[in-house]
Amino acid sequence: MTQPPNPQPVQPLLGAGDVRRLAADLDLRPTKTLGQNFVIDGNTIRRIVAAAHLDPSETVLEVGPGLGSLTLGLLDAAARVVAVEIDPILAGRLPETVAKWRPKTAANLDVVLADAMRVTELPHPPTALVANLPYNVAVPVVLNLLENFPSLRHGLVMVQDEVADRMAAGPGSKTYGVPSVKAAWYATMRKSGVIGMNVFWPAPKIASGLVGFVRHEPPATSASRREVFAVIDAAFAQRRKTLRAALAGWAGSPALAGEALAAAGVDPSLRGEMLDIAAFARIAEAKPAQSTTP
Ligand code: SAM
């Protein structure tokens, strides 16, 4: 059998035994509240890293490095990894694990003890987000990071499979909702695979999905992001209602909602699930001025 000309040395990744040993050493009891399901399978890590399409010059933001399974894979593929972890025990142990498993690239890692839903500053501007996200906060984490770190050009996240479908859904599909439209403000999202439950410890009860994204310009509009997001929230708060009815509170009355929709060129009898982000931006722009008289 012929060998490829310059085979890349295969670097070791954490397996099930390593994860359990590390957890036992830390006396760690993984919590559901923090979505602590650790990857115990090197092939899954390689798959995630390959699907992230990283350039070797990139700075990767990893949210929730946990015991370091994905961090090791990312250090092999990128110039820097900035890892944001909320659990002080895990954040405290990570540098030691990386020094042991990747002595040559350990200096390329920064560990930040913080909540990724609130973090606004990092030691290096990240160009890519790659993470096995804590499932209960996956969407707010992604939206917060895209908002606060404009240097993020692309990314690949692992989330609950159902959430992956929602994030990547387009108008008119059953799964299209607030996460899909808000994510579309920032980026083009694409589902890029499903991951089974047995590659984690502890194993979750549901499958996971991979979502890749590439940032794009938000729609051209004079409305602010907050104003556009307020229309999205109002439209989906009552998703079975027509837009004219669902946006009555937001506009001041059903008639005013009808006027704003007409000005935005949107059929008032539609439901929010039929509109793309550009249409929501046009509606926000057409919001009638609130009357000050009682
Ligand atoms: N990356 C590791 C892996 O793949 O094995 C662990 C992934 S685990 C699904 C999620 C990780 O996110 C845990 O380490 C958890 O402590 C951390 N975490 C949970 N909520 C967080 C938050 N709001 N900000 C930062 N990290 C968080």
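## Basis of the description

Helices, of at least four residues, and strands, of at least two, are DSSP runs numbered from the N terminus. The model is predicted.

## The central sheet

Seven strands form an open sheet with mixed pairing, in the order β4-β3-β2-β5-β6-β9-β7. The edges are taken by β4 (109-113) and β7, each of which has a single partner strand, so one side of each is left without a neighbour in the sheet. From one strand to the next the twist averages 20°.

Strand β3 (residues 80-85) and β4 run parallel and are joined by five bridges; Val81 has Leu109 in β4 as its bridge partner. Strand β5 (residues 128-132) pairs with β6 in the parallel sense, likewise over five bridges, and Ala131 is bridged to Val157 of β6. The chain passes from β5 through α5 to β6 in a β-α-β crossover that is right-handed. On pairing with β9, β6 takes the antiparallel sense over seven bridges, with Val159 bridged to Gly209 in β9. In general, strands of a sheet pair through backbone hydrogen bonds, in either a parallel or an antiparallel manner.

## Buried elements

Strand β6 (residues 154-160) has seven of its seven residues buried, so it is largely enclosed by the rest of the structure. Helix α5 is also largely enclosed, because eight of its eleven residues are buried. These are Ala138, Val139, Val141, Val142, Leu143, Asn144, Leu145 and Leu146.

## Helix α7 and Lys182

Helix α7 (residues 178-186) has seven of its nine residues buried, so the rest of the structure largely encloses it. The residues concerned are Pro179, Ser180, Val181, Lys182, Ala183, Trp185 and Tyr186. They pack against α5 (138-148), α6 (161-168), β7 (187-195), β9 (208-215), α8 (225-237) and α12 (277-285).

Which residues does Lys182 touch, not counting residues up to four places away in sequence? The contacts are Leu143, Phe229, Ile232 and Asp233. Lys182 is found in α7 and has a relative accessible area of 12%. Buried means under 20%, so Lys182 falls in that class.

## The largest pocket

The largest pocket has a volume of about 430 Å³. Its lining comprises 33 residues, and those nearest the centre are Leu34, Gly35, Gly64, Glu85 and Pro134. At least two lining residues are supplied by each of β1 (38-39), β2 (59-63), α3 (69-77) and β3.

## Backbone exceptions

Most residues other than glycine have a negative phi, and most peptide bonds are trans. Asp27 has a positive phi, near 55°, and lies in the loop between α1 (16-26) and β1. Asp27 is exposed, with a relative accessible area of 52%. His53 has a positive phi as well, near 50°; its place is the loop between α2 (42-51) and β2. At 64% relative accessibility, His53 also counts as exposed.

The peptide bond from Trp201 to Pro202 is cis, with omega near -10°. Pro202 is located in the loop between β8 (200-201) and β9.

Notes. Residues numbered from 1 in each chain as written. Predicted model: local features only at pLDDT ≥ 70, side-chain atom pairs only at ≥ 80, totals over all residues. Heavy atoms only, no water. Buried < 20%, exposed > 50% of the residue type's maximum accessible area, 1.4 Å probe, protein only. Contact = heavy atoms within 4.5 Å. Pairing = 2+ DSSP bridges. Right-handed = clockwise from strand over helix to strand, strands pointing away. Axes fitted to C-alpha atoms, helices over the stretch in contact; angles between N-to-C directions. 1 Å grid on protein atoms, 1.4 Å probe; cavity = no way out; pocket = protein on both sides within 12 Å on 5 of 7 lines; lining within 4 Å. Points joined across faces, edges and corners; volume = space filled by probe spheres on them.
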